Amino acid sequence: MPSTPAPEVLRAPLVVEFPFTRSLGPVQSAFLTGLRERTVLGVKTSGGRVLVPPVEYDPETAEEIRDLVEVEATGTVTTWAWNPEPRPAQPLTTPFAWVMVRLDGADTALLHALDAPGPDAVRTGMRVRVRWAAERTGAITDIACFEPHDGAAGPDHDGAPHHSGEFADPVTRVVAPARLDYTYTPGRAQARFINALAGQRITGERCPSCRKVYVPPRGACPTCGVATSEQVEVGPRGTVTTYCIVNIKAKNLDIEVPYVYAHIALDGADLALHARIGGIPYDQVRMGLRVEPVWSEGGRHPDHYRPTGEPDADYDTYKELL
Amino acid sequence: MRDVAIVAFSQTDHRRSTEELSEVEMLMPVLHEVLEQTGLRTGDIGFTCSGSSDYLAGRAFSFTMALDGVGAWPPISESHVEMDGAWALYEAWVKLLTGEADTALVYSYGKSSPGPVRDVLTRQLDPYYLAPLWPDSVALAALQAQALIDAGEADEPALAAIAARSRSDAAGNPHAQLRGPRDQGEYLVRPLRTGDCPPIGDGAAGVVLAAGDKARELCERPAWIRGMDHRIEAHSLGVRDLTDSPSTRLAAERAGAFERPVDTAELHAPFTSQEVVLRKALDLDERVRVNPSGGALAANPVMAAGLIRLGEAAAAVHRGESERALAHATSGPCLQQNLVAVLEGEPHVG
Ligand SMILES: [Zn+2]
């Protein structure tokens, strides 16, 4: 049945991955190394409170704290939440409870997961103990999770014993890997630009106020702050306005160095775009060089630009676009 | 110190997805509308400040793209906070108080639709003890809700009543994403059901501030900022009493909220349980109209929802529906950071 299709929304997966390496201070280093050795450490404030997990500064007084003590691997749930559908990278893949646990000997609670058969098996005040990960590296995940524990809390744990915090081969840094999966959609202006490229046409958009033509268009004139919508075909030929010579090979890029990356003012555009220059020795590229796009087979954008053979453009014709 | 007021406010219709629009395309109508209310053009604005987050967009320096929408051409005086726009408004307020500008444009926007926002927000957590466990935003709010239930300060029917009141009030808000009564639904993370949680969506908001006579010139009944302050809780969740919000109370005290009663409060409580915590911290009783807009339970564009609370409170003053309104914004897990502002209309004469 013929009908006008809605404009196609372009979509592409966008994966952001960043393995941050973070150095640890003396307190965090002792705590995380301790976990590797199945020892749970806290810090004692000058007021006598034991904080687990430990921090380097007293949250109440901002006083520096270094007084390490050892607490038990058993504790009491102070609050909880049943998680019926674990999300990727959470501690357990089967339904579990998030719990805040005050370990015996500590005055504050630690967040982790509790392995329990169902929400009816969890309550505030229940007793739990650490389940250690089989392989431990000095990270919070060395605690695989908590599990129910039938022992009562000790009498009073004011006497959490002092601990030097010294271990052989201490952990001094953690790597925090993270991956987030997005779906990128470019919006109206860029979608129009990309769709035109598929037909080997380069289009810009004209500002209704200052009449400048922007390429690639982003939907707004950055000078006037108004929407652009009038489509204007620009190029295909253009002028090199400025350039640089790239001498270091980028990862996953099979272009031989040195090569030239340039700003190119396409004919009819009021903004230069950037692209690689080919078809000419790198040391012969110059300001004013006239170039044209070279499309690769099936490519959705010009692979590079090459000289047209025309005489160089006069400086006055592109000086406003530098 | 000179007086500064909110003189205009606009927002998008908040939607589950605006995938056909880029951020600047979503934002631009809001900017144009808020400027039109005052008759100002971008070039007339003394200071521009915005709030947004790269983690929502999944791109570094993503706010620079949105800057195209305000004509960010030298010599613009411009700043950005990687936070909710409420904090951008705070920065603009300080700028106007110091006399460095007479008018300011504040805007913020967030598209939650491109990424898994519950997971994305875990990246703002402590990277040593929390982030490696990926506790998502709903899970952390659920821990707080259970703490309230254990303390006898709420139960599931009370939370459901907050959800119902918010969505019913939102029926009168044409911009809201969830409008009118809805089912409480299944547990998302127990004890929180779908109805206790905010919708995930995209949206943007803009506000214009002006000082002294300029404000009177631009707006018939400016919403004067009588005080504004923001405070933060201890970083570690386990050292906090999750049933209370001392930082909100302190910010409110410094903003002058307790000097006289307010008649309206726009609270940034994305989860029903957080309204319970905030009402207690702010000492609000049933005489105060809380979230007549529907609040964040009806529309929660991340990074804009707090600014919208300030805008909605100001708009109530502009319309003459409120004499003295409180606006609150939050950021971070379990009400980690809190901002409170007190807005007043000019006293009625005669
Ligand atoms: Zn223009």
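Visitor: How many residue pairs are in polar contact across the interface of chain A and chain B?

Guide: A polar contact is a pair of N or O atoms within 3.5 Å; within protein, one must be able to donate a hydrogen and the other to accept it, and residues adjacent in sequence count only if both atoms are side-chain atoms. Here the rule finds 18 residue pairs, both at pLDDT 80 or more. This is a predicted model: local features need pLDDT of at least 70, side-chain atom pairs count only at pLDDT 80 or more, and totals for chains, interfaces and linings use all residues. Residues are numbered from 1 along each chain as written, chains are lettered from A and ligands numbered from 1 in written order, and side-chain values use heavy atoms, without hydrogens and water.

Visitor: How many salt bridges link chain A and chain B?

Guide: Look for a side-chain nitrogen of Lys or Arg within 4 Å of a carboxyl oxygen of Asp or Glu. The count is three. Arg87(A) and Asp119(B) form a salt bridge at 2.7 Å, N to O.

Visitor: What area is buried between the chains?

Guide: Buried area is the accessible area (1.4 Å probe) that two parts lose on being put together, summed over both. For chain A and chain B that is about 4800 Å², with 61% from carbon and sulfur atoms. In chain A, Arg87(A), Tyr182(A) and Arg218(A) lose the most area to chain B, together 13% of what that side buries.

Visitor: How many residues does each chain bring to the contact?

Guide: Contact means heavy atoms within 4.5 Å. Chain A brings 66 residues and chain B 53.
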